Amino acid sequence: MDSIPEMDSENTSCFSNISSTSINTTTMSAAANSSSSSSSSTPSRYENQKRRDWNTFGQYLKNHRPPLSLSRCSGAHVLEFLRYLDQFGKTKVHTPICPFFGHPNPPAPCPCPLRQAWGSLDALIGRLRAAFEENGGKPEANPFGARAVRLYLREVRDLQSKARGISYEKKKRKRPPQQQIQSLPPQPGAT
């Protein structure tokens, strides 16, 4: 088994700061621009966020009991990390017994828990998956791409969709309009 370099200790933080350093949904649009800006001298917002997320996950592994090395990290550890991050969430997720379950804009406060939004978790996993491979991990051994992680994200998406009354339909790609080529009938006398 190839060894995977351990994570940098630069920019790691205590878990009390994890909410401000690890989850940022505004970087999703920067993902498309990351390849074009990687040749420039300053890293893009996406690259900076990916590095912070990678360092935060590394700190999580170091503080884990017992401490974990990246090479021994599995999808189960990634799920444990995602559940841990829920305590820093800012999205109200109504429980099925809440009178506002299924209402996108509840008229009054309720005691339902705050959680990480599905979109934030999805973006985080995407960045960590890319960072794992950039730091020497093999794609087939990537714990962030594990089936259990994909199923967990789908479950979170469905639960939050029902709780808030908002569907997360996959956006359909717009296809470019096709040019209609009319075939002309052969001209009489033309060979």
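Reply: A contact here means heavy atoms within 4.5 Å. The model is a predicted one, and every value below is computed from it.

Of the 191 residues in the chain, buried residues make up 37%. Among contacts with a separation of 6 or more, 69% are between residues 24 or more positions apart.

The largest nonpolar core has 25 residues, and Phe57, Val78 and Phe144 are those with the most contacts inside it. Two or more residues each come from α3 (45–63), α4 (75–85), α5 (118–134) and α6 (147–164). Helix α5 gives the largest share of this core, seven residues.

Setting aside residues up to four places away in sequence, Val78 touches Phe57, Cys73, Ile125, Pro143, Phe144 and Val149. That list includes Phe57 and Phe144, the other two residues named for having the most contacts inside the core.

A pair of aromatic rings is described by the distance of the centres and the angle of the planes. For Phe57 and Phe144 these are 5.0 Å centre to centre and 70° between the planes, and the pair is edge-to-face. Planes over 60 degrees apart count as edge-to-face. Phe57 lies in helix α3 and Phe144 in the loop between α5 and α6, so this pair ties together parts that are 87 residues apart in sequence. Phe57 counts as buried because its relative accessibility is 0%, and Phe144, with a relative accessible area of 1%, is buried too; the cut-off for buried is under 20%.

The structure holds seven aromatic pairs. Phe57 and Phe144 belong to one aromatic cluster, together with Tyr60, Phe81, Tyr84, Phe88 and Phe132.

Leu153 lies in α6 and is buried, with a relative accessible area of 8%. Leaving aside neighbours within four places in sequence, Leu153 is in contact with Trp118, Leu121, Asp122 and Ile125. Ile125 is also one of the residues that Val78 touches. The C-alpha atoms of Leu153 and Leu79 are separated by 9.4 Å, although the two residues are 74 residues apart along the chain.

With a relative accessible area of 43%, Arg150 is partly exposed, whereas Leu153 is buried. The C-alpha atoms of Arg150 and Ile125 are separated by 9.4 Å, and these residues are 25 residues apart along the chain.

Two of the core helices have a part in a pocket too. Both α3 and α5 supply at least two residues each to the lining of the second largest pocket, which has a volume of about 150 Å³. Ten residues line this pocket, and Lys50, Arg51, Trp54, Glu134 and Asn135 lie nearest its centre. Helix α3 gives the largest share of the lining, five residues. By type, the lining divides into three nonpolar, two polar and five charged residues.

Methods. Residues numbered from 1 in each chain as written. Predicted model: local features only at pLDDT ≥ 70, side-chain atom pairs only at ≥ 80, totals over all residues. Heavy atoms only, no water. Core = buried A, V, L, I, M, F, W, Y, C linked by side-chain atoms within 4.5 Å. Buried < 20%, exposed > 50% of the residue type's maximum accessible area, 1.4 Å probe, protein only. Helix = DSSP H or I, 4+ residues; strand = E, 2+ residues; numbered from the N terminus. 1 Å grid on protein atoms, 1.4 Å probe; cavity = no way out; pocket = protein on both sides within 12 Å on 5 of 7 lines; lining within 4 Å. Points joined across faces, edges and corners; volume = space filled by probe spheres on them. Nonpolar A, V, L, I, M, F, W, Y, C, P; charged D, E, K, R; others polar. Phe/Tyr/Trp six-rings, centres within 6.5 Å; stacked < 30°, edge-to-face > 60°.
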